[in-house]
Amino acid sequence: MDTLVAAALEEVCARLSRGLPVTDLWAAISGASEVAGLPLDPAVKHVLLARLTALPVISLVEGEREGAPCFHPAEKDSVEEAERRGAQLVATAAFRDNFLGIYDHNRCSDSKMSANQKKTLECIGASRCASL
C-alpha cells in the first residue's frame, strides 16, 4: 500500500495547483498497482483515498482550483461520492515546491526566485504528464 501512496503523491504533485481528479488517479497509478500486486478494486481504492486524505499535505476539494472548498465524503462509498462530485486531490504549495526541488529556498538563500524561474521549474516538473 505504501507504494501506491507514494505513486499517488507523485501524481498529485505533478499536477501542481490544478490537482488530480479522483477519477484520473486510478489510471495514473495503474502501473504501480500492478508492480505492487494490488488490484485497484473498490476496497483498495477506499483505503488509498482514506490514507491520502489523512495526510496534512493533501486536500480533497470540489472544483478545479486550489482554495476550492474542502470535500469531506461520507465514510461509506467515499470513493464513488468523490468521483461523482468531481473531487480533486491537491497538494499544499510547500509540498509541491518540494516535489520541484525547492526546499526553503527563500529562507536559506540571499537570492529570491523570480516568478519566471518558478514557472519554468513547474513546467519541467509537470512535463512528465502526458495530459499537460
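This report covers the sheet, a helix pair and the salt bridges of a predicted model.

## Basis

Local features need pLDDT of at least 70 and side-chain atom pairs count only at pLDDT 80 or more, while totals for chains, interfaces and linings use all residues. Residues are numbered from 1 along each chain as its sequence is written, and side-chain values use heavy atoms, without hydrogens or water.

## Sheet

Three strands form an open, antiparallel sheet in the order β1-β3-β2. Strands (E, at least two residues) and helices (H or I, at least four) are DSSP runs, numbered from the N terminus. Two strands pair if DSSP finds at least two bridges between them. β1 (20–21) and β2 (58–62) each have a single partner strand, so one side of each lacks a neighbour in the sheet.

β1 and β3 (residues 87–91) pair over 2 bridges. Pro-21 has Gln-88 of β3 as its bridge partner.

## Helix pair

Helices α1 (residues 2–14) and α6 (residues 93–100) pack at about 100°. They are therefore roughly perpendicular (65 to 115 degrees). Angles run from 0 to 180 degrees between N-to-C directions, with axes fitted to C-alpha atoms over the stretch in contact. Contact (heavy atoms within 4.5 Å) involves Leu-9, Glu-10, Cys-13 and Ala-14 of α1, and Phe-95, Arg-96 and Phe-99 of α6.

## Salt bridges

The whole structure has 4 salt bridges (a Lys or Arg side-chain nitrogen within 4 Å of an Asp or Glu carboxyl oxygen). One of them joins Arg-15 and Glu-11 at 2.7 Å, N to O. Arg-15 is buried at 12% relative accessibility (buried is under 20%, exposed over 50%, partly exposed in between; 1.4 Å probe, protein chains only).

Glu-62, Glu-81 and Arg-85 form a salt-bridge network. Glu-81 is buried, at 15%. Arg-85 is partly exposed, at 35%.

Methods:
Angles under 35 degrees count as roughly parallel, over 145 as roughly antiparallel, 65 to 115 as roughly perpendicular and the rest as oblique.
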